[in-house]
Each structure stands twice: as structure tokens, then as C-alpha cells.
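These are brief notes for a colleague who is about to look through the coordinates. They take helix packing first, then aromatic rings, then confidence.

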Amino acid sequence: MTLFEIVAILLSLSALFSYINARFIGLLTSIAVMAFSLLFSLVLVGLNHLGIHDLTDWAEQLVGQADLGRTLLDGLLSFLLFAGALHVNLDDLAEQKWLVALLASLGVVLTTFLVGGALWFVLDWLGLSLPFIYCLLFGAVVAPTDPVAVLAILKSVDAPDSLSTKIAGESLFNDGVAVVVFLGILGIAQGEREATFSSIGLLFLEEAVGGLVLGFLLGYIGYRLLRQLDNYQVEILVTVALVAGGYALANRLHMSGPLAVVVAGLMLGNHGRKFAMSEKTEAQLDTFWELVDELLNAVLFLLMGLELLILNFELPILWAGLAAIPLALLSRLVAVGIPVMALRPFREFNPNSIRAMTWGGLKGGISVALALSLPSGPERDLILPMAYVVVVFSILVQGLTLKRVMGSGHRKTP
């Protein structure tokens with residue numbers, strides 16, 4: 001299939017599933033698209049068992065050529081993160097800066113080691129073999145809360161602004177940290193990096209700090225360019241070029257592209273919105289990026305559902321994936337609880353904050369993309385389907401019940 005054919009099929013399926021949902025069901029679009037694509041995949045698997053192979057072979061070819069891992073990490077993610085960051089209030093984020101920083105750094109590391117350590121014992125009990133370093137790698141895969149899933153679902157949840165800011169802020173920054181942790185552990189597992197503080201520290205400095213600095217420079221350049229214009233078509237084109245070019249530059253320089261576009265989005269969505277945009281430009285820019293966000297979200301969640309077609313789900317691996325769900329949730333509870341308890345003497349939290357932030361720490365496309373980026377081998381064949389089970393549970397179960405969890409027992413306090 002040509003690139004145009006792949007894009008046309010993905011857009012057509014996304015539009016079809018979105019229409020059916022909007023017309024007859026009324027779920028959040030991203031969750032509905034993933035649910036429909038999972039159902040579609042299961043139907044194809046059933047047809048394949050009945051001897052009807054042509055449609056399944058075609059779908060598997062589509063999924064293989066679309067390559068969710070590369071499509072997300074090398075393209076879609078930059079636009080989705082920028083679109084999300086544009087609408088985060090920097091003043092609200094600054095009020096939650098210490099908690100967001102702790103969750104995006106310490107929380108990711110804690111989750112990685114808690115999940116990895118517990119998984120090593122669980123897999124041994126299930127009779128599956130995975131080296132300890134790869135168990136830690138799985139922990140890094142499921143450690144980040146996915147900004148795409150979180151931001152999409154938070155739009156439909158009537159939660160206190162402070163709580164939404166904490167979860168959204170963490171999700172925007174922790175994926176960059178998680179990628180650094182993932183790359184560090186993968187390098188150690190493959191013998192390409194030493195397991196030393198200096199080696200990991202240098203990687204963090206290059207990827208994370210470099211990404212933050214580059215993002216600030218991109219945001220400043222974008223701000224200066226927009227301030228000298230009053231033509232919303234050109235200004236929108238400038239933001240698109242800034243995101244695409246900045247993300248590509250960050251990857252070329254081995255810096256964190258996600259962190260770079262988040263910082264640039266925060267700057268343009270706040271300082272740029274106040275001092276560099278007319279009311280017409282602001283309205284048009286918001287409309288454009290909201291449309292991009294909705295469109296790419298639909299395609300991404302469609303691809304995640306279709307990924308089922310190329311995964312190996314032998315019964316022991318399925319049990320391992322199901323066992324990883326409570327491990328990820330309990331580790332998330334600890335990773336959230338420690339920073340919140342540490343900051344309680346200095347600020348007030350909603351009584352339900354820990355539970356809501358634990359349940360609201362949704363996993364999504366980033367976890368699947370990281371697992372897909374692993375080199376082929378028995379470790380990947382085990383980690384990928386386990387991560388997929390965790391992501392499907394997170395989006396379908398946690399996503400559908402998040403409004404109820406967040407809506408219970410909250411007061412509008414910081």
C-alpha cells in the first residue's frame with residue numbers, strides 16, 4: 001500500500017467509528033474509536049479462524065506499514081503534545097510546580113523499579129522467563145501517564161481545576177523523563193551503556209535538560225515571529241513549522257522532542273497568547289489546533305486498537321499482562337502517595353487527591369510505542385503484549401470510570 005492509501009484508510013475508519021459513536025452511543029470519541037477498533041480486530045481474528053484470511057492479511061499489512069511506534073514517536077506525538085500544552089494555564093501549573101516535578105521525575109523512577117521488581121517475581125511464578133533488567137524495562141514502558149489519553153479524557157471530566165492541572169501537567173512532562181529512563185535501561189540491557197550514575201546523569205542532561213532549553217528557544221522564536229504579524233493563516237503555519245521542525249531538530253540533536261514542544265506550547269499558549277496574538281488569531285489558532293488534536297487522537301486510538309492483530313497472546317502471556325495491571329496501579333499509588341504526603345505540611349490537598357490521581361494516571365500510546373521500539377527478540381515478544389493489556393485496561397476501564405472517581409468527594413481547594 002502507498003502512504004496515501006494508508007492515510008486514507010486510517011482516516012476513513014476513524015471517521016466511520018467516530019460517526020457511529022456520535023450518532024448512536026455518545027462515548028468520548030477517543031475511547032469509542034479504540035473500542036470499535038478492538039472489536040473490529042477481534043472480528044477479523046474470528047474470520048481468520050474460520051478460514052477467511054484475505055481481510056485479516058490486509059489489515060495486518062496495514063498495521064505493519066502504519067507502524068504505530070514510529071508514527072507516534074516520530075510524528076504524531078509532537079503535534080498532540082503541542083496542542084495540549086497550548087491550553088494549559090502557566091499560572092495554574094506554577095502553583096503545582098513542586099508536585100508536578102516530583103511526579104514527573106521521582107514518580108517515573110519509583111514506578112519503574114516497583115513494577116519491574118514485582119513483575120520479576122510474578123513472571124517466575126507463572127513459569128515465564130524475563131531477565132531482571134528487562135523487567136525494569138517493562139516498568140519504564142508503563143511508568144509514564146500518557147498525555148494524549150489524559151488530556152483527551154480530562155476534557156470530559158468535571159474535576160476541580162487544581163486536580164486537572166496536576167494530572168495534565170504531570171502527563172505533559174513525565175513522558176520525556178520516561179523516555180530517558182527507558183533509553184538508559186535499554187542501553188544497559190544491550191551492553192551499550194554503563195550502569196553508573198555518571199552515564200545515566202549525562203543521558204538525562206542531554207535529553208531532558210537539552211529538550212527543556214531547546215523548547216524555551218523555540219517558544220521565544222515563535223513568540224517573536226508571531227508578535228510581528230497579524231495574519232492568522234501565516235501565524236498558524238509558523239506554529240506548525242515550529243512544532244515539526246523543532247521536534248525533528250531535537251531528535252537530530254539527541255534531545256527530548258516531547259519536552260521541547262511542551263515548553264514551546266506553554267510559552268505560546270500563555271505569553272504568546274497575551275502579547276503576540278490578536279483576538280482573531282487566537283480564536284483561529286485555537287480552532288485549528290483543537291481540530292488537529294481531535295483528528296490525530298482518533299487516528300492514534302484507532303491504531304492502538306488495530307495493534308491487537310499483530311500481537312502474540314498465548315495464555316501465559318495474557319495472564320502475565322492481567323497480573324501487570326494491579327502491579328501498575330499499586331506502583332502508581334505509591335508514586336503518587338509519597339510526593340503528596342511529603343507536600344501535605346506545606347499545602348492543602350483534596351481528600352480524594354491520591355485516589356483520583358492514581359486512577360487518572362492513564363497509560364496510552366506512548367507505552368505501546370516504547371514497547372514497539374524494542375529490538376526483535378523473546379523479550380519484546382513478552383513485554384509488548386503485557387504493555388498492551390495494561391494500556392487497554394487503562395483507557396477502557398479507567399478512562400470510562402474516571403469521571404465518577406474524580407467527581408466523588410472533591411472540594412475546590414488547591
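1. In this predicted model, helix α10 (residues 197-227) packs with helix α11 (residues 232-252) at an angle of about 160°, and the two axes are 10 Å apart. An angle over 145 degrees counts as roughly antiparallel, and α10 is therefore roughly antiparallel to α11. The crossing of these two helices, α10 and α11, is right-handed.

2. On the α10 side, the contact with α11 is made by Leu 214, Leu 218, Gly 222, Leu 225 and Leu 226. From α11 come Glu 235, Val 238, Thr 239, Leu 242, Gly 246, Leu 249 and Ala 250. By class, the residues of the α10 and α11 contact are eight nonpolar, three polar and one charged.

3. Helix α4 (residues 68-85) and helix α13 (residues 279-306) have axes that come within 9 Å and cross at roughly 150°. The pair α4 and α13 is therefore roughly antiparallel, and its crossing is left-handed.

4. Which residues of α4 and α13 meet? Leu 68, Leu 72, Leu 76, Phe 79, Leu 80, Phe 82 and Ala 83 of α4 face a set in α13 made up of Trp 289, Val 292, Asp 293, Leu 296, Asn 297, Leu 300, Leu 303 and Met 304. The contact of α4 with α13 divides into 13 nonpolar residues, one polar and one charged.

5. Helix α13 also takes part in a crossing with helix α8 (residues 147-154): the axes come within 11 Å, at roughly 120°. That angle makes α8 oblique to α13. The crossing of α8 with α13 is left-handed.

6. In the contact of α8 with α13, Val 148, Ala 149 and Ala 152 of α8 meet Asn 297, Leu 300 and Phe 301 of α13. Five of these residues are nonpolar, one is polar and none is charged. Asn 297 and Leu 300 of α13 are named here, and they are also among the residues of α13 that meet α4.

7. How many aromatic pairs does the structure hold? There are nine. One of them joins Phe 17 and Phe 36, with 5.7 Å centre to centre and 25° between the planes, and this pair is stacked. Phe 17 lies in helix α1 (residues 3-25) and Phe 36 in helix α2 (residues 29-49), so the pair links distant parts of the chain, as planes under 30 degrees apart count as stacked.

8. On confidence, the chain has a mean pLDDT of 87, and 96% of its residues reach 70 or more. Over residues 409-414, pLDDT stays under 50, although the model has 27 contacts beyond four places in sequence for this stretch. Where pLDDT is low, the predicted coordinates should not be read in detail.

Key. Residues are numbered from 1 along each chain as its sequence is written. This is a predicted model: local features need pLDDT of at least 70, side-chain atom pairs count only at pLDDT 80 or more; totals for chains, interfaces and linings use all residues. Side-chain values use heavy atoms; hydrogens and water are left out. Axes are lines fitted to C-alpha atoms, for helices over the stretch in contact, and angles run from 0 to 180 degrees between N-to-C directions. Helices (H or I, at least four residues) and strands (E, at least two) are DSSP runs, numbered from the N terminus. Angles under 35 degrees count as roughly parallel, over 145 as roughly antiparallel, 65 to 115 as roughly perpendicular and the rest as oblique. A crossing is left-handed if the near helix is turned anticlockwise from the far one by less than a right angle, and right-handed if clockwise. Contact means heavy atoms within 4.5 Å. Ala, Val, Leu, Ile, Met, Phe, Trp, Tyr, Cys and Pro count as nonpolar, Asp, Glu, Lys and Arg as charged, and the others, Gly among them, as polar. pLDDT is the predictor's confidence in each residue, from 0 to 100. Rings of Phe, Tyr and Trp (its six-membered ring) pair if their centres lie within 6.5 Å; planes under 30 degrees apart count as stacked, over 60 as edge-to-face and the rest as tilted.
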